[in-house]
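Grab a pencil and open the structure viewer. Here are some exercises, each with a worked solution to check yourself against.

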Amino acid sequence: QVEIALRGAYIDFKDNPFRNDPSGCLVHESDAIIWIRDGKVLQVGPASDLLPQLPEGIPVTHYRDSVILPGFIDSHVHYPQTPIIGAYGEQLLEWLNNYTFVAEQAFADKDVAREVARFYLRENLRNGVTSATVYCTVFPQSVDALFEEAQPYGMRLMAGKIMMDRNAPAALTDTAQSGYDQSKQLIERWHGKDRFEYVITPRFAPTSTPEQLEAAGALAREYPDTLIQSHISENKNEIAWVNQLFPQHKGYADVYRHFGLLRERAIYGHGIHLTEEELHLFSETGAAIAHCPTSNLFLGSGLFNIRTALDAKRPVHVGLATDLGAGTSFSLLQTLNEAYKVAQLNGVPLSATHAFYQATRGTAEALGLQDRIGRIAAGMEADFAVLDLQSTPLIRFRMKYADSIEEALFINMTLGDDRAIRATWVNGACVYDREQDAQQEVRA
Ligand code: GUN
Ligand code: FE
């Protein structure tokens, strides 16, 4: 039994602020103990109550001027696109052809995949991201590389091999049969191992034949507890193309529905331009949308309306996501900053309570992981991001004029980035410490 404790301020969410009075949803304790046993939270509460109960000799890490958050969750990201973040000037379909489909070819080489995966995972931890749902490439070895590199960290990671059998360079395509076989092998190898889960990953309708979507649906039926991921209604030209490729269907969402790919634990990137009818389909089936604000702004895709999606009349699950490399930041703080601005342009702002809920518990729910991650509460897995509330001169100065936890959180999601993450804990162990990292850099 490994026991360890953290001391400091923390936040948690009792309820969904989009559905309840937000003022009752945020839990904030200014001096708490988080008592961890074997990678899970055993108890959490005020230090005055819990300190006397801690076992003799238990190590206690004390974080001052900080807030301990549930680890951030990135519900849609492409690790192989790390080398093309910030590629200039294109919208989705041109960007895919000119940058993405070039970069992903390098991942046939497992050593390349390893090197990028290592950097990608490290960068997540530097940003307090403790869990992610990840696209690899069409090459199965690019999935092995990611999981193998993640193993030492004990991260909860979901990932899958892209299935793509048309409308892409020959070097990047599989077939309906090989995509099925390779995915199945990867499921057998990785699904349920450590904290890993497999994600069935047809890239999006335009790059899969009906036969391949059929195969993906068959796999989803054979392995009902895997996740599914794809893209939907990100860009107007993309939607027009789908309508052209699948004229017998009622629309984009109907294509995925037809092949059995809309269900709980199926998460679709973007969904910006979904119709009300399609949102109903998502709501009925329990499928989720990954909101990717930095990507949607960078590619000029449009403004996703999170309030419309979450509308209680037919609620759709929504996760927050970076969508790197079309997204521009590993920081979920910066992702929230952009989500706020997108919401402003849609006419309803996003409070800090709504925003941090969305980046943690809300995203865990969208992925069907609400009983494991996304909260700091007894029984939950011990994944945390320690947010330094004073990480830059501007934030320090601005914080002098803040007088509530909501304001402190809002300032930090607007002005904060990787520098604001002081430490990251995964599965009950500290896997990143900003000061130690800085010292290592000086020595190197
Ligand atoms: N649609 C299909 N593939 C992709 C991708 O790699 N990134 C984004 N943003 N959209 C896509
Ligand atoms: Fe994407």
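**Exercise 1.** Find the bridge partner of A423 in β16, then describe how β15 and β16 pair.

*Solution.* Keep in mind that you're looking at a predicted model.
- Step 1: Look across from A423 to β16, and you land on D433, its bridge partner.
- Step 2: Move along to T424, which stands opposite Y432 in β16.
- Step 3: Now take the strands as a whole: β15 covers residues 421-426 and pairs with β16 in the antiparallel sense, over four bridges.
- Step 4: Check the connection. The two strands form a hairpin with two residues between them, and N427 in the turn has a positive phi of about 55°.

As a reminder, strands of a sheet pair through backbone hydrogen bonds, either parallel or antiparallel.

**Exercise 2.** Work out the strand order of the open sheet, and say which strands sit at its edges.

*Solution.* 
- Step 1: Trace the seven strands from one side to the other: β3-β2-β1-β4-β14-β15-β16, with mixed pairing.
- Step 2: Look for strands that pair on one side only; these are β3 (40-46) and β16 (429-433).

**Exercise 3.** Which residues surround ligand 1, and how much of its accessible area does the protein cover?

*Solution.* 
- Step 1: List the surroundings; among them are H78, Q81, R203, H231, E234, H270 and D323.
- Step 2: Pick out a contact to oxygen: a polar side-chain atom of Q81 lies 2.9 Å from an oxygen atom of ligand 1.
- Step 3: Now try nitrogen. An N or O atom in the side chain of E234 is 2.7 Å from a nitrogen atom of the ligand, and a polar side-chain atom of D323 lies 2.8 Å from a nitrogen atom of ligand 1.
- Step 4: Finish with the cover: on its own, ligand 1 has 280 Å² of accessible area, and the protein covers 100% of that.

**Exercise 4.** Which residue forms a salt bridge with E104?

*Solution.* 
- Step 1: Recall that side chains of opposite charge can pair when their charged atoms come close.
- Step 2: The partner is R203, with the closest N and O atoms 2.9 Å apart.
- Step 3: Locate both ends: E104 is in the loop between α2 (92-103) and α3, while R203 is in the loop between β9 (196-202) and α6 (210-222), 99 residues apart.

Notes. Residues are numbered from 1 along each chain as its sequence is written. Chains are lettered from A and ligands numbered from 1 in the order in which they are written. This is a predicted model: local features need pLDDT of at least 70, side-chain atom pairs count only at pLDDT 80 or more; totals for chains, interfaces and linings use all residues. Side-chain values use heavy atoms; hydrogens and water are left out. Two strands pair if DSSP finds at least two bridges between them. A residue is near a molecule or strand if one of its heavy atoms lies within 4 Å of it. A polar contact is a pair of N or O atoms within 3.5 Å; within protein, one must be able to donate a hydrogen and the other to accept it, and residues adjacent in sequence count only if both atoms are side-chain atoms. Accessible areas come from the Shrake-Rupley method with a 1.4 Å probe; for residues, only the protein chains shown count as cover. A salt bridge is a side-chain nitrogen of Lys or Arg within 4 Å of a carboxyl oxygen of Asp or Glu.
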